[in-house]
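These are my notebook entries on a structure that I had not looked at before. I wrote down what I looked up, one topic after another.

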Amino acid sequence: MIAFTDIVGMDLAKQALMLLAVDPSLGGVVIPSAVGSGKSTLARAFSGILPEGTPFVELPLNVTEDRLIGGVDLEATLASGVRVVQHGVLSKAHGGVLYVDSLSLLDSSAVSHIMDAMSRGEVLVEREGLSEVHPANFMLVGTYDPSDGEVRMGLLDRIGIIVPFTAQNDFRARKKIVNTVLGKRDAEDTQDELNMLKGLIQAAREQLPHVSITSEQVQALIQTALSLGVEGNRSDIFTVRAALASAALAQRSDVEEEDMKLAIKIVLIPRATRMPEREAEEMPPQEEPPPPEEPEAEDEEAPADTPDSDAESDEEQKDTPDMIEELMMDAIETELPDNILNISLASKKKAKSGSRGEALNNRRGRFVRAQPGEMRSGKVALIPTLISAAPWQETRRRDKKMAGRPKTALIISKDDVKIKRFRDKSGTLFIFMVDASGSMALNRMRQAKGAVSSLLQNAYVHRDQVSLISFRGKQAQVLLPPSQSVDRAKRELDVLPTGGGTPLASALYLGWETAKQARTKGISQIMFVLITDGRGNIGLQAAFDPDAVKPSKEDLEKEIEALSGSICADGIAAIVVDTQMNYLSRGEAPKLAQKLGGRYFYLPNAKAEQIVEAALSF
Amino acid sequence: MTQTETAAKKRTAAKAKAGSDEPAIQEPKKAAKPAGKKKSGLAFPFTAIVGQEEMKLSLILNIIDPRIGGVLVMGHRGTGKSTTVRALAEVLPFIDRVKDDIYNRTPDQYLEGEDARKGRKAIDPESIRTEKIPVPVVDLPLGATEDRVCGTIDIEQALTSGVKAFEPGLLAQANRGFLYIDEVNLLDDHLVDVLLDVAASGKNVVEREGISIRHPARFVLVGSGNPEEGELRPQLLDRFGLHARIITILDVAKRVDIVKRRREFDEDPDAFMKKYNREQLKLQKKIQQAKDLLPQVTMDDSVLTDIARLCMNLGIDGHRGELTITRTAHAHAAFMGDKEVTMRHVRDVAGLCLRHRLRKDPLETLDAGEKIEREIAKVLGEAEAV
């Protein structure tokens with residue numbers, strides 16, 4: 001294993017992990033980084049700088065609910081006849097590190113359990129006749145590839161540090177350096193360095209209670225959180241803790257500007273929902289901040305200057321020393337533009353390399369209840385089987401046929417056998433792709449918005465989800481990631497820009513990617529609802545290379561055909577809703593439907609309800 | 001209701017099926033806590049929570065009158081939703097229950113329940129001993145299985161002694177107390193079904209593994225969640241008496257205060273608890289006084305008329321809206337030490353009672369709270385003033 005000290009670069013991530021080692025109450029560190037970059041190396045090396053004996057538990061993505069939370073240890077229970085409890089992964093990580101690779105691919109029920117454990121510091125086990133509380137106070141270290149999808153905000157909110165995604169994180173290139181360096185170094189040096197680092201962290205832990213932070217400093221941090229539109233109060237606490245830990249690492253007893261800068265960089269900025277400009281402090285806080293998921297998309301359009309700045313914030317400014325504010329702004333400005341560029345870079349790289357191999361199909365569902373069944377027809381639910389057999393043991397023992405059996409043996413008859421029934425919780429994901437180009441766009445968008453809202457109103461019944469992709473100009477854009485929330489849909493679809501070219505291929509590609517991500521999260525049924533006249537005129541390349549030569553009509557058609565074929569082969573259903581007036585149509589939309597193996601609906605002046613009806617009828 | 005009927009049918013069927021060698025059903029005598037379950041660490045004191053008055057008030061009103069029907073707390077992440085609910089336990093009053101009763105029953109309920117079971121001698125009411133316990137707060141985690149929620153056969157007893165004993169679930173523990181579900185909008189459908197059934201009937205009926213048990217399960221349902229994570233099933237939404245909304249505090253001074261108190265608590269929980277002890281006791285006493293005052297609180301018919309008009313103008317279906325406002329306003333008046341409910345009390349709680357009962361219009365831009373406030377102003381004839 002490569003030691004923590006041998007890893008070159010990744011300075012910010014390393015710093016973040018060291019702060020966590022100093023103050024585990026920071027909750028954890030999330031490191032977004034490109035796939036295959038060896039990001040897990042760093043996370044695993046982290047255990048090397050923690051005190052001896054600190055648990056380090058890696059969470060497999062396909063973990064089942066009972067392994068995660070804990071439950072009955074079947075073998076031991078059978079052997080002893082007394083219920084024996086087996087602790088889950090969450091409680092095994094107690095006092096140490098829970099490491100999750102590909103955090104964004106973890107299924108949503110597992111995420112919920114982790115969130116719950118993190119907010120309680122313990123796991124409540126109320127399963128299969130068990131009622132226990134297991135301590136589960138752990139640091140969560142998670143790595144993920146942003147192009148695999150987003151991590152649920154609720155979980156990120158409980159994790160103190162999010163390392164901003166920068167080119168630095170992609171240390172594929174640095175691996176080489178690591179290797180060459182390793183060749184020259186001897187193990188003793190490494191060990192010495194590691195020991196030194198451990199000593200440093202230990203000293204910092206002891207220093208931590210003696211570090212103080214002034215009220216002005218706390219206020220400045222909170223002010224920054226406000227102007228960045230960070231949701232909730234947890235981040236305030238994390239920022240303060242990070243600043244204190246940073247000062248402790250430097251063996252200081254006071255928090256200084258550099259500590260605050262670091263705290264802002266790794267706690268607040270990654271959660272920003274808007275970017276303040278120089279005058280940003282004068283901005284009154286927004287009631288409903290825009291979503292934090294897509295800072296790269298929001299930034300250019302974020303209403304940076306709201307005219308009604310008021311006297312109240314001027315007052316607040318007086319309270320905060322100017323110098324600190326300057327520093328805050330520096331931290332923000334030097335950090336931000338880079339990240340934004342790099343986030344979009346990640347998806348570019350991804351898009352060019354094409355498909356990432358087949359989507360995982362882990363339709364495991366959720367163990368709901370046990371039902372009588374054949375031993376071989378499914379997973380045997382042992383406890384319910386035992387429960388049903390237990391009361392009859394004495395009666396059966398008295399039975400002559402069983403006379404030869406040892407007294408302690410359990411007599412289980414065929415009727416006792418219960419098998420586990422799983423339920424695939426997820427319903428259908430409807431991915432709306434709305435043509436926002438041209439003059440009819442406004443109308444189409446309104447209809448799509450209505451259809452999305454209306455589908456979501458009823459989504460709870462089937463656990464359906466809805467996503468919306470709009471395409472216009474050079475490339476398509478996910479306006480609403482798969483969601484069940486009416487509130488969120490309403491908010492995110494509030495402003496819908498229209499006009500420009502028709503990047504149909506880009507929309508199909510993005511839809512396909514969204515579908516694949518959803519599949520890895522256990523949503524199996526996916527339906528595309530395309531609201532378009534089917535006349536794409538912008539190629540895929542345009543999204544990544546503004547100077548790309550405009551492809552010929554034939555090329556465009558080939559692109560669409562190839563994409564449609566793959567989408568169809570992945571078992572994604574599709575309907576194409578054509579809202580164009582008849583006399584304008586040149587028959588592209590029916591062709592598109594055919595290529596996708598879907599159905600074509602001609603609904604000029606369609607009402608939202610008609611679109612919903614069409615989508616549900618399929 | 002239909003679900004209750006189905007359950008009842010199943011029960012009869014189960015009885016018919018039961019053969020002659022059916023092992024005896026025995027109930028555990030003690031409400032012993034299962035092994036391994038221990039009280040978790042100190043909770044942040046309720047009175048030290050900064051802001052979020054709406055949520056705090058709705059919880060308190062539910063303690064004063066549990067018939068209000070619980071509260072749903074929805075809002076932003078990291079705003080202290082679960083901290084507040086978990087802090088509640090410390091300010092709750094005490095209740096009397098039959099000693100060691102696993103269902104927390106009152107002597108009357110106990111008599112009713114035990115007499116109903118055939119083949120038993122009538123119990124002498126004099127022989128029942130009671131004890132005082134704090135109002136229970138039971139946490140229902142998302143990963144709970146149905147058998148732990150409803151209760152099931154005690155497998156250890158069954159295996160070792162062949163006796164079918166009932167091991168009560170969380171619903172039994174929550175009787176006459178609070179049942180709290182964090183991330184309630186993510187709760188599995190089959191558990192939601194169970195909850196709806198029990199909440200409607202106030203009884204938990206267990207028909208499984210050859211056990212047939214019926215016990216009272218009346219609790220104040222408290223749910224919390226973030227609306228961005230998903231929607232709540234409408235039937236469940238409707239079950240909640242109150243709906244408190246919670247948003248990120250934007251006041252810097254308050255946020256500084258939150259951070260300070262949190263740090264203080266983390267550094268020395270015991271000292272922090274001590275610091276707030278007086279306020280905690282004061283609140284607990286105030287709640288108890290309100291509970292005692294509640295039966296004496298009256299409301300003029302004119303206020304009731306105004307409430308009805310308000311609900312009508314807002315287009316609220318059914319009568320649960322009026323009923324909830326009336327009860328909640330009574331509790332609120334009692335909490336303020338008033339013996340007479342006025343429109344001022346109604347105004348304070350109308351948003352809480354009605355927010356989730358308004359028809360959902362996807363294109364509505366006006367906030368539900370504002371809409372309710374506007375209608376109240378109209379009902380009070382203040383429309384011009386607003």
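Entry 1: I began with the pairing of S12(A) and strand S13 (residues 465–472) of chain A, which run parallel and are joined by seven bridges. Two strands count as paired if DSSP finds at least two bridges between them, and the elements themselves are DSSP runs numbered from the N terminus, helices being H or I with at least four residues and strands E with at least two. I picked out A:Val434 and found that its bridge partner in S13(A) is A:Ser470. I then turned to strand S15 (residues 525–531) of chain A, which also runs parallel to S12(A) and is joined to it by seven bridges; there A:Met433 has A:Leu530 as its bridge partner.

Before going on I noted how the model is to be read: it is predicted, local features need pLDDT of at least 70, side-chain atom pairs count only at pLDDT 80 or more, and totals for chains, interfaces and linings use all residues. Residues are numbered from 1 along each chain as its sequence is written, while chains are lettered from A and ligands numbered from 1 in the order in which they are written.

**Entry 2: burial of the strand.** How many of the residues of S12 (residues 428–435) of chain A are buried? I found eight of its eight residues buried, where buried means that 20 or more other C-beta atoms lie within 10 Å of a residue's own, exposed means 12 or fewer, partly exposed is in between, and C-beta atoms are placed from the backbone. In a regular strand the side chains alternate between the two faces of the sheet. Here I saw A:Thr428, A:Phe430, A:Phe432 and A:Val434 pointing one way, and A:Leu429, A:Ile431, A:Met433 and A:Asp435 pointing the other way, all of them buried.

**Entry 3: the sheet in chain A.** S13(A) and S14(A) run antiparallel and are joined by six bridges, and A:Val466 has A:Ser483 as its bridge partner in S14(A).

**Entry 4: chain A as a whole.** I listed 25 helices and 17 strands in chain A, and noted that buried residues make up 48% of its 618 residues. Among the contacts with a separation of 6 or more in chain A, 79% are between residues 24 or more positions apart.

**Entry 5: chain B.** I next found an open sheet of five strands in the order S5-S8-S11-S2-S12 of chain B, with parallel pairing. Strand S2 (residues 71–75) of chain B is joined to S12(B) by five bridges, and B:Val73 has B:Ala244 as its bridge partner in S12(B). H2(B) packs on this sheet, touching S2, strand S11 (219–225) and S12 of chain B.

How is H2(B) placed against H13(B)? Helix H2 (residues 53–64) and helix H13 (residues 320–336) of chain B pack at an angle of about 95°, with their axes 9 Å apart. I therefore call H2(B) roughly perpendicular to H13(B), as that term covers 65 to 115 degrees, whereas under 35 is roughly parallel, over 145 roughly antiparallel and the rest oblique.

**Entry 6: between the chains.** Last, I noted that 62 residues of chain A are in contact with 59 residues of chain B. Helix H10 (residues 215–227) of chain A gives the most to the side of chain A that touches chain B, with six residues.

Conventions. Two residues are in contact if their C-beta atoms, placed from the backbone, lie within 7 Å. Axes are lines fitted to C-alpha atoms, for helices over the stretch in contact, and angles run from 0 to 180 degrees between N-to-C directions.
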